[in-house]
Amino acid sequence: MMLRHGVRRMSLAARSLAFCLTAALCLTVGFGGRSARAQTAGPDSSAIYLYKGADRAERLIAKARAEGTLTFYTSMATTESGPLAKAFETKYGVKVQLWRALSENVLQRALTEARGGRRAMDVVETNAPELEALAREQVVAEYDSPHVVDLPAWAIPPHRRWFSDRANLWVAGYNTGKVKREELPATIEGFADPRWKGRLAIEATDDDWMYGLVNFMGEERGLELFRKLAALKPEMRKGHILVAQLVAAGELAVCLTTYSGNVDSIKAKGGPVDWVAVEPLVGRPQAIAVAKNAPHPAAALLFADFVLSPEGQKLLGDMGRVPSSRTQRTLLDQHKYVMVDPLKWIDDAPRWEKLWNELFLK
């Protein structure tokens with residue numbers, strides 16, 4: 001009981017920041033009474049971010065090289081964000097200063113710096129709901145990229161202040177020594193069978209996974225499924241990398257909400273772990289944005305271009321991530337799926353977080 005209660009407190013503390021940004025009272029309490037919208041304005045970079053002339057690429061590269069550097073905030077693991085930054089440096093000769101943290105910490109730092117008028121961040125890549133929060137606070141700017149034409153509709157919000165470069169897909173990760181692949185059901189409803197009691201785990205903050213499934217299945221059918229899953233008392237552990245490691249270690253037999261990339265990384269090193277895509281596959285967009293007051297706007301935009309380009313997208317795919325671009329073949333081409341809508345999720349989240357806590361974390 002202590003573990004479950006502790007997970008609940010950590011989950012609420014970590015995630016409530018992103019979800020309360022649309023409420024003025026929460027902004028006043030959480031950020032000392034000053035909205036990030038009141039940040040000290042830097043030079044207007046819209047002429048760089050929105051330029052579409054025929055010489056765009058040449059002008060952008062020249063300006064980025066003149067700036068010489070950029071600062072990249074991300075929640076992407078350094079095993080992926082490091083090689084991505086290195087590939088960009090090699091291609092363009094522009095230095096990348098990388099700062100990596102959990103998504104809630106990326107959000108908090110970006111907001112705090114914007115509120116204080118500190119211009120440090122150039123480009124940011126993290127969960128799309130967190131970037132939607134930054135968009136609503138006008139910390140990130142509208143921008144354009146020639147590679148947006150390769151993106152699906154779910155990767156392009158109407159305001160165009162971020163674009164999805166990849167998706168995190170929730171899959172059923174399992175320990176190959178404890179569970180046979182043929183035992184695993186083809187659909188998520190198969191895991192509600194009582195025979196899975198004592199064998200299931202769920203990452204403790206994945207209330208948006210529930211939100212995506214319920215929206216796909218319909219509320220009556222979806223909520224009935226989650227009541228049945230809750231009755232099986234699954235293990236609740238916080239941290240997607242951690243749950244993949246625990247499955248590989250045999251401490252957890254099956255986790256319904258592992259990220260496919262995390263499992264693949266362990267499997268590639270010989271770990272006794274694998275995953276299956278249980279339909280409907282649920283995904284959350286991860287996205288990239290440029291700072292409104294970036295100190296190096298040309299370098300920021302060039303880096304975003306690189307990540308969204310077929311070259312950058314292939315690199316993400318080669319590292320086990322799921323690129324958004326239709327230039328790449330992914331699991332999304334093979335399975336029935338639903339993608340969480342960050343714009344709707346950030347408004348609906350308080351209701352679903354409350355329900356999640358009542359079902360799984362009490």
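In this tour, Ala, Val, Leu, Ile, Met, Phe, Trp, Tyr, Cys and Pro count as nonpolar, Asp, Glu, Lys and Arg as charged, and the others, Gly among them, as polar. Keep in mind that you are looking at a predicted model.

Stop 1: How does the lining divide by class?

Stop 2: Next, select the residues that line the second largest pocket, including Ala-77, Glu-80, Ile-241, Gln-245, Asn-262, Lys-269 and Arg-321. The space here is about 260 Å³. Helix H5 (78-92), H10 and helix H11 (260-268) each provide at least two lining residues. By class, the lining has five nonpolar, four polar and three charged residues.

**Stop 3: Gly-250.** Follow helix H10 (240-249) to the loop between this helix and strand E7 (254-259), and you will find Gly-250 there. Is Gly-250 buried or exposed? Its relative accessibility is 18%, so Gly-250 counts as buried, the cut-off being under 20%. Show Asn-175 and Lys-178 too: Gly-250 touches both, leaving aside residues up to four places away in sequence. Finally, select Val-273, which is 23 residues from Gly-250 along the chain; their C-alpha atoms are 8.9 Å apart.

Methods:
Residues are numbered from 1 along each chain as its sequence is written. This is a predicted model: local features need pLDDT of at least 70, side-chain atom pairs count only at pLDDT 80 or more; totals for chains, interfaces and linings use all residues. Side-chain values use heavy atoms; hydrogens and water are left out. Helices (H or I, at least four residues) and strands (E, at least two) are DSSP runs, numbered from the N terminus. Buried means under 20% relative accessible area, exposed over 50%, partly exposed in between (1.4 Å probe, protein chains only). Contact means heavy atoms within 4.5 Å. On a 1 Å grid over the protein atoms alone, a cavity is a set of points where a 1.4 Å probe fits but cannot get out, and a pocket is an open set with protein on both sides within 12 Å along at least five of seven lines; lining residues have an atom within 4 Å of a point. Grid points are joined across faces, edges and corners, and a volume is the space filled by probe spheres set on the points.
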